[in-house]
Every structure is written in structure tokens, then in C-alpha cells.
Amino acid sequence: MHTLAELAQVAGAQLRGDAATPIDGVGTLAAARPGQIGFLANPKYRQLLAGTQASAVILGPDDAEACPVACLIADNPHLAYARIAALFDPAAGRQQGVHARACVDAAAEVADDAWIGPMAVIEAGAVIGPRVQVGPGCVVGARTTIGADSRLVANVTVLHDCVLGERVLVHPGAVIGADGFGLANDRGCWVKVPQLGRVVIGNDVEIGVNTAIDRGALEDTVLA
């Protein structure tokens with residue numbers, strides 16, 4: 001539960017209405033109930049504003065006068081909504097520590113406030129940064145670095161020597177740092193070409209379900 005004043009501060013928005021209004025969730029203009037906050041970012045939904053049952057609405061300056069309830073006025077209502085919705089995301093809860101069924105190599109470095117979930121494997125030389133969440137069944141390879149506030153949801157594999165920046169979100173089943181296909185022909189026999197590059201992922205990158213990002217043969221594969 002948050003007050004409208006708290007949400008205005010998070011979103012960097014101007015508040016119009018009762019600052020103490022309690023908000024316990026988000027919803028659409030059409031479906032939001034009292035206690036929820038809706039948002040108007042697309043003009044084609046403007047006709048729904050007058051009849052909304054939401055306790056408050058996030059909207060732009062041009063729509064504020066037509067709003068029948070309290071509102072948060074933002075130059076970018078969609079961005080303001082994103083910041084507020086994050087407060088009500090049940091998946092955003094953070095744990096700390098190492099689960100009893102995780103396997104963490106003694107030569108790995110894990111921040112005290114990180115979480116290593118059940119059946120996860122952290123190999124030697126890996127560095128798990130502050131507040132990182134490594135979910136169940138994930139594998140973090142040798143000498144790989146995971147930056148602060150990143151999250152591997154579940155069954156994610158990040159192979160050796162990869163670098164993930166801060167606030168990276170990797171959804172289930174993704175594989176990062178596997179070999180790309182490289183083969184040399186020796187008179188009809190195929191010889192594997194070593195893939196010597198890394199995968200380097202910048203800050204604030206989100207990687208979808210079952211995505212594969214291969215390492216380069218010589219140079220790094222870089223996502224910024």
C-alpha cells in the first residue's frame with residue numbers, strides 16, 4: 001500500500017488531489033477499481049477518463065482538467081506508470097543468502113545481499129554483485145560477472161567469462177555465452193574452431209525467454 005504522495009515522488013509527477021489517498025494497485029481506466037491508479041498515455045483511450053472508477057490517474061498536462069479524480073501529472077505518463085507499477089510487481093521482491101540446495105564454488109565471490117536460489121550453480125571465479133537474484137536452476141560459469149541489481153529468473157545459463165551489467169533481467173531458459181558455430185574443413189572432416197570471445201551485456205538490458213546469445217569466435221558479442 002502506498003499513498004498518492006509517495007507515488008508522485010517515485011514518478012517525479014505533480015500531484016493534484018488528496019496526497020494521503022491510499023493506492024494498493026494499478027489498473028486500466030476501464031477496469032480499475034477504487035484503491036487503484038490508472039493511467040492515460042494513448043489519446044484513443046481519453047473517452048474512458050470520465051467514467052473511470054480508479055482512485056487516481058496518471059496522465060499528461062493536457063488531460064488533467066478533464067480528470068474526475070485525483071491525478072498525477074507527468075510529461076511522460078507511460079514512464080511514470082512504469083515506475084509506479086514496479087512498486088506493485090510481486091516478482092520484484094528480493095531475497096538474500098544462498099539456498100541450502102545451491103552449489104557455490106569456494107572460489108566464487110557472492111555479495112552478502114545477493115540471492116542464490118535452489119539448484120543454482122556458481123562456478124569458480126564468478127562474481128555475483130550486490131542485490132543480484134540468481135533464480136532456481138541457473139548456472140553462472142567460471143569467471144563470469146553479474147552486475148548489481150541484475151536478475152536471472154530461472155534455468156538461465158551464463159557460461160564462462162561473460163559480463164552482465166547492472167539491472168539486467170534475464171528470463172527463463174536463456175543461454176548466454178554458448179559457442180557460435182565455427183567449423184574448418186580438413187579434407188571432408190570438420191574441425192571445431194574455438195570460440196574465444198565473450199558475451200558482454202550492458203546495463204538495463206532485458207533478455208527474453210529461451211533466447212540464445214552466442215560468444216564470438218575472436219571478438220566479444222556485445223549488447224549495450
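1. Glycine 137 touches Pro118, Met119, Ala120, Asn155 and Val156, residues up to four places away in sequence not being counted; contact means heavy atoms within 4.5 Å. This is a predicted model, in which local features need pLDDT of at least 70 and side-chain atom pairs count only at pLDDT 80 or more, while totals for chains, interfaces and linings use all residues. Residues are numbered from 1 along each chain as its sequence is written, and side-chain values use heavy atoms, with hydrogens and water left out.

2. Glycine 137 lies in the loop between β14 (133-134) and β15 (139-140); strands are DSSP runs (E) of at least two residues, and helices (H or I) of at least four, numbered from the N terminus. Its relative accessibility is 24%, so glycine 137 counts as partly exposed (buried is under 20% relative accessible area, exposed over 50%, partly exposed in between, with a 1.4 Å probe and protein chains only).

3. The largest nonpolar core has 28 residues, and Ile128, Val134, Leu152, Leu164, Val170, Ile176 and Ile201 touch the most other members. Such a core is a set of buried Ala, Val, Leu, Ile, Met, Phe, Trp, Tyr and Cys residues joined through side-chain atoms within 4.5 Å. Another core, of 14 residues, lies apart from it and includes Leu7 and Ile84.

4. The axes of helix α1 (residues 4-11) and helix α2 (residues 77-85) come within 9 Å and cross at roughly 120 degrees. Axes are lines fitted to C-alpha atoms, for helices over the stretch in contact, with angles from 0 to 180 degrees between N-to-C directions. The contact is made by Leu7, Val10 and Ala11 of α1 with Ala80, Arg83 and Ile84 of α2.
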